[in-house]
Amino acid sequence: MLRAHTVDDVRRAEAAAMADLPDGALMQRAAAGLAAAVLDLLGGGYGRRVLLLVGSGDNGGDALWAGARLAARGVRVDAFLLSDRTHEAGLAELLSAGGRATRDLDDLDPRPDLVVDGIVGIGGRPGLRPDAVAVLERFADVPVVAVDVPSGVDVDTGRVDGPHVRAALTVTFGTHKVAHLVDPASLACGALHLVDLGLDLGAPAVEALQPDDVRALLPRPSVDAQKYTRGVVGVRAGSGTYPGAALLAVAGANTGLVGMVRYVGPERVADTVRAAHPEVVGNGRVQAWVVGPGGGDDAATMLAEARADDVPVVVDADALRHVTGTLPGCVLTPHAGELAAMLGVERDEVEAAPLEHAREAARRWDCVVVLKGHHTLVAAPDGRVRVTTTGLPWLATAGAGDVLAGLVGALLAAGLEPYDAASVGSWLHGAAATEAAAGGPLTASRVAVHIPQVVRETLAPPRSGMLG
Ligand SMILES: NC(=O)C1=CN([C@@H]2O[C@H](COP(=O)(O)OP(=O)(O)OC[C@H]3O[C@@H](n4cnc5c(N)ncnc54)[C@H](O)[C@@H]3O)[C@@H](O)[C@H]2O)[C@@H](O)CC1
Ligand SMILES: Nc1ncnc2c1ncn2[C@@H]1O[C@H](COP(=O)(O)OP(=O)(O)O)[C@@H](O)[C@H]1O
Ligand SMILES: [K+]
């Protein structure tokens, strides 16, 4: 599991670790990891040119200590000091290693290969001061390595309300922070690199499933399995106006993860579904329903009929408009526009603070909420949140959400808890999209086709060192 903690969690863990360590030991670990990551990105040291942007706190200290290590490797290092206060020991170390420091923009090497953002870290308030904005604008074409977090983002919420750094790489320390995973701040981080500090941390604020976690959670048939013991998922989707949504939701449900798939909808749509998926049968008992994709005016009835069965329901698309009370055990799968309409706020507000809105929705409807987007959030009513980091922007295509709803329904029917079904489904969906895209465009149907292959690769046992 990739885990992200709040600033308070990190401060507590750092204080505990520092009590047992010599002064400055954590900063040395951080600086060593940062310097190594920078050298890696530069492809070497000697003759390269690096500009450090140095703020007043320990984030600037990390940059200076790392700069000293880079200078010792032959990198030409300039430090631009943004504050009257500077980490003194770090600055002295940089200067004695042959680096330069200035407060004058015009003294800087005009063509650095890389900018290191040590403006602020976890102690920063969101936004940047004009002097920081000016220097970032001057070197706008140069890739930035952010120290700990891209300066200017709100570390605990992932909001970006003002100017902020856009990094190609973020080198963080001890643990990931919420802003590394949650949009829109995650979009400013670039690639992530974690330097271990040996901190002892508690429960994370948000987490992201990794292949091992998905492997452990994936349903698989027991040796004595029958189709009914593996679970049956039912899909109530599609209408005369939107028959395709039924096909896509069924395609997401019918990837072999359950024993059987049922489809309930208009006869003409059912004929199309059966033609494409001969395994699919009609109405009957199910362990989970998927309702809403392409439901149009029938969505309210679909939801009411599914709810009458007292099994978990994945509520998607048109059915989301008919959610009135709490839905314990169920999963809602809105995108930002749909969640905004449900909460009575503007879409922009949800997009600016998806974590806050997903958590609020999960609490309000007492169920798991999947807020779809670049980094889809899966929020549980008790406050836990998982972030999906698989997938790619090509997945933002019509019908992709229908496939996801079907897939999550199948995992629910197979017996996963709603939080696991939603997060594993979203992870598989993203991974299948990446496989389907293979570096290019994709359509929603292709995402469904690639799900079995992703499941296969995820289930394959990790290679043992001894057996090769
Ligand atoms: N505490 C520790 O043991 C460790 C801390 N480390 C580093 O220390 C950082 C935290 O250091 P600090 O607590 O000193 O805090 P920061 O360096 O993040 O920033 C705090 C300083 O920046 C100023 N500031 C706040 N918002 C600003 C803004 N928007 N624009 C300009 N200046 C602003 C504040 O006045 C304050 O002086 C971490 O992010 C990490 O990089 C690492 O060295 C690992 C060990
Ligand atoms: N920028 C992005 N990067 C990666 N995935 C995205 C991005 N934007 C949207 N997605 C994903 O694309 C899918 C779109 O689903 P949805 O909005 O429901 O479309 P539809 O209603 O047409 O099916 C979701 O799984 C969402 O997480
Ligand atoms: K920073």
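Start by selecting ligand 1: α3 gives its shell the largest share, four residues. Before you go on, note that this is a predicted model, in which local features need pLDDT of at least 70 and side-chain atom pairs count only at pLDDT 80 or more, while totals for chains, interfaces and linings use all residues. Residues are numbered from 1 along each chain as its sequence is written, and chains are lettered from A and ligands numbered from 1 in the order in which they are written.

**Stop 1: ligand 1**

Show everything around ligand 1 and you get 24 residues, with G57, D58, N59, G121 and G123 the closest. Being near here means that a residue's C-beta atom, placed from the backbone, lies within 6 Å of the molecule or strand. Helices (H or I, at least four residues) and strands (E, at least two) are DSSP runs, numbered from the N terminus. Colour by class next: the shell holds nine nonpolar, nine polar and six charged residues. For these classes, Ala, Val, Leu, Ile, Met, Phe, Trp, Tyr, Cys and Pro count as nonpolar, Asp, Glu, Lys and Arg as charged, and the others, Gly among them, as polar.

**Stop 2: the seven-stranded sheet**

Which order do the seven strands of the open sheet follow? Read them off as β4-β3-β2-β5-β6-β7-β9, with parallel pairing. At the edges sit β4 (100-102) and β9 (191-195), each pairing on one side only. Strands pair if DSSP finds at least two bridges between them. Zoom in on β3 (76-81), which is joined to β4 by three bridges; here D78 stands opposite R100 of β4.

One of the bridge partners to pick out is A146 in β6, across from D117. Both faces of β6 are covered: V144 and A146 on one side, V145 and V147 on the other, are all buried. Buried means that 20 or more other C-beta atoms lie within 10 Å of a residue's own, exposed means 12 or fewer, and partly exposed is in between, with C-beta atoms placed from the backbone.

**Stop 3: two domains**

Zoom out and colour domain 1 (2-207) and domain 2 (211-459). These bounds come from an automatic or database domain assignment. The domain centres, taken over C-alpha atoms, are 39 Å apart. Ten residues of domain 1 are in contact with twelve of domain 2, where contact means C-beta atoms, placed from the backbone, within 7 Å.

**Stop 4: ligand 2**

Select ligand 2 and the 18 residues around it; H335, K372, A396, A400 and G401 come nearest. Which helix gives the most to this shell? Colour α14 (400-413), which supplies four residues. By class, the shell has eight nonpolar, eight polar and two charged residues.

**Stop 5: strand β11**

Finish at β11 (232-236): five of its five residues are buried, so the strand is largely enclosed by the rest of the structure. V232, G234 and R236 lie on one side, V233 and V235 on the other. Finally, bring in β12 (260-264), joined in parallel to β11 by five bridges, and find V232 opposite M260.

How values were computed. Two residues are in contact if their C-beta atoms, placed from the backbone, lie within 7 Å.
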